[in-house]
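Hi,

Could you take a look at the structure I'm passing on?

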Amino acid sequence: MERIQEKHYKIANGEVQLAVSEAGQGQTLLFFNGGGATQVSWKRIIRELSGQYRIVTFDFRSHGKTTRSLDVSFESFLSDAEVIMDKVAGPRPLVIGWSLGADLSVWYAARHPGRVAGLFLIDGAVPVNLVIDPEDIRRRLNTPAVKFGPLLLYLVGMGYRLTPDEYATLTIELNRRREQLLSAYEQLDCPVELVLATKSAGEKGERAERNNALWRSGGEQLGRLYPEFSIQWLDGSHQLPFKEPVSLARSLDTFVQRIQAGSPIPTGDERPSTN
């Protein structure tokens with residue numbers, strides 16, 4: 001997709017100034033980032049899109065070029081999404097969410113029926129809690145790499161300003177909310193496509209093996225409960241926007257075309273190949 005006349009500006013959500021970028025015309029595609037990620041994450045996918053779209057990306061609080069906030073609860077991130085939807089998105093955007101952003105997309109659409117044209121969810125919003133021991137999460141995130149790595153990334157526009165404890169708290173809350181996700185899915189009134197990673201938790205160790213099995217089971221549960229959803233599995237890690245931009249862009253283009261044509265979203269063997 002050719003990007004033209006990109007605009008950058010900020011929108012207020014209380015004391016937070018949300019950094020927004022937009023470009024193009026046509027069906028609005030609104031991107032919800034993952035935790036610890038910024039709008040830079042979408043550049044490779046956006047470059048591969050073939051349709052004509054209005055692209056809107058933004059940074060959640062304490063991420064990227066958006067200002068820091070002391071409130072980094074799940075609900076505060078959801079309030080950022082609501083402000084962007086109200087002030088920037090326009091009528092019936094299609095929302096693309098990755099990881100935390102996928103969960104936020106589902107909860108937003110559940111609370112605002114008729115507002116979203118469709119949800120394209122990337123390796124997130126699976127109804128399974130992967131955090132067995134919250135204190136272990138806090139210990140594993142309280143390392144020099146977690147403390148200083150984001151500061152280095154911030155210098156190139158990709159960092160976040162959550163402390164290790166804040167990041168751990170958000171991770172724990174996100175996973176607890178996933179235990180309630182089926183109640184949100186029940187409220188959806190729009191097409192949904194999920195693209196999930198087979199090795200979302202990595203490839204090494206018992207923890208990764210266990211979490212990957214739980215992730216697979218949760219995704220398959222969604223497929224059984226909602227056969228109208230399109231669910232794809234890509235052989236890869238959680239970093240799908242970076243590792244599989246071409247496959248994701250092709251699937252997203254096809255998803256938009258089907259929504260615009262009013263066609264049912266295919267499932268199982270009916271899905272087009274993304275190879």
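Here is what turned up, going from the whole chain down to single residues.

First, the ground rules. This is a predicted model, so to speak of local features a pLDDT of at least 70 is needed, side-chain atom pairs count only at pLDDT 80 or more, and totals for chains, interfaces and linings use all residues. Residues are numbered from 1 along each chain as its sequence is written, and side-chain values use heavy atoms, with hydrogens and water left out.

**The chain**

You'll find 10 helices and eight strands; these are DSSP runs (helices: H or I, at least four residues; strands: E, at least two), numbered from the N terminus. Of the 275 residues, 53% count as buried, meaning under 20% relative accessible area, with exposed over 50% and partly exposed in between (1.4 Å probe, protein chains only). Take the contacts (heavy atoms within 4.5 Å) between residues at least 6 apart in sequence: 75% of them join residues at least 24 apart. The accessible surface is about 12,500 Å², and carbon and sulfur atoms hold 50% of that; the areas come from the Shrake-Rupley method with a 1.4 Å probe, and for residues only the protein chains shown count as cover.

**The sheet**

The eight strands of an open sheet come in the order E1-E2-E4-E3-E5-E6-E7-E8, with mixed pairing. E1 (7-13) and E8 (230-237) are the edge strands, each with a single partner, so one side of each has no neighbour in the sheet. (Two strands pair if DSSP finds at least two bridges between them.) On average, neighbouring strands are turned by 20° against each other, direction ignored.

E3 (residues 27-32) and E4 (residues 53-58) run parallel and are joined by four bridges. Leu-29 has Ile-55 as its bridge partner in E4, and Leu-30 stands opposite Val-56 in E4. Five of the six residues of E3 are buried.

H10 (residues 245-261) lies across E3, E4, E5 (94-98), E6 (118-122), E7 (192-199) and E8, at about 165° to E6. For such angles, axes are lines fitted to C-alpha atoms (for helices, over the stretch in contact), and values run from 0 to 180 degrees between N-to-C directions.

H6 (residues 164-178) has 15 residues and reaches 21 Å from first C-alpha to last, close to the 21 Å expected at 1.5 Å a residue; that expected span is 1.5 Å times one less than the number of residues. Its buried residues include Leu-170, Ile-172 and Leu-174, and also Glu-166, Arg-177 and Arg-178.

**Some serines**

Ser-105 sits in H3 (residues 100-111) and is buried at 2% relative accessibility. Beyond residues up to four places away in sequence, Ser-105 touches Phe-32, Val-95, Ile-96, Gly-97, Leu-119 and Leu-121.

Ser-79 belongs to H2 (residues 74-89). Leaving aside neighbours within four places in sequence, Ser-79 is in contact with Asn-13 and Arg-61. Its side chain makes a polar contact with that of Asn-13 at 3.0 Å. A polar contact here is a pair of N or O atoms within 3.5 Å; within protein, one must be able to donate a hydrogen and the other to accept it, and residues adjacent in sequence count only if both atoms are side-chain atoms.

Most residues other than glycine have a negative phi. Ser-62, in the loop between E4 and H2, has a positive phi of about 60° and is buried at 0% relative accessibility. Ser-99, in the loop between E5 and H3, has a positive phi near 60° and is buried at 12%.

Cheers
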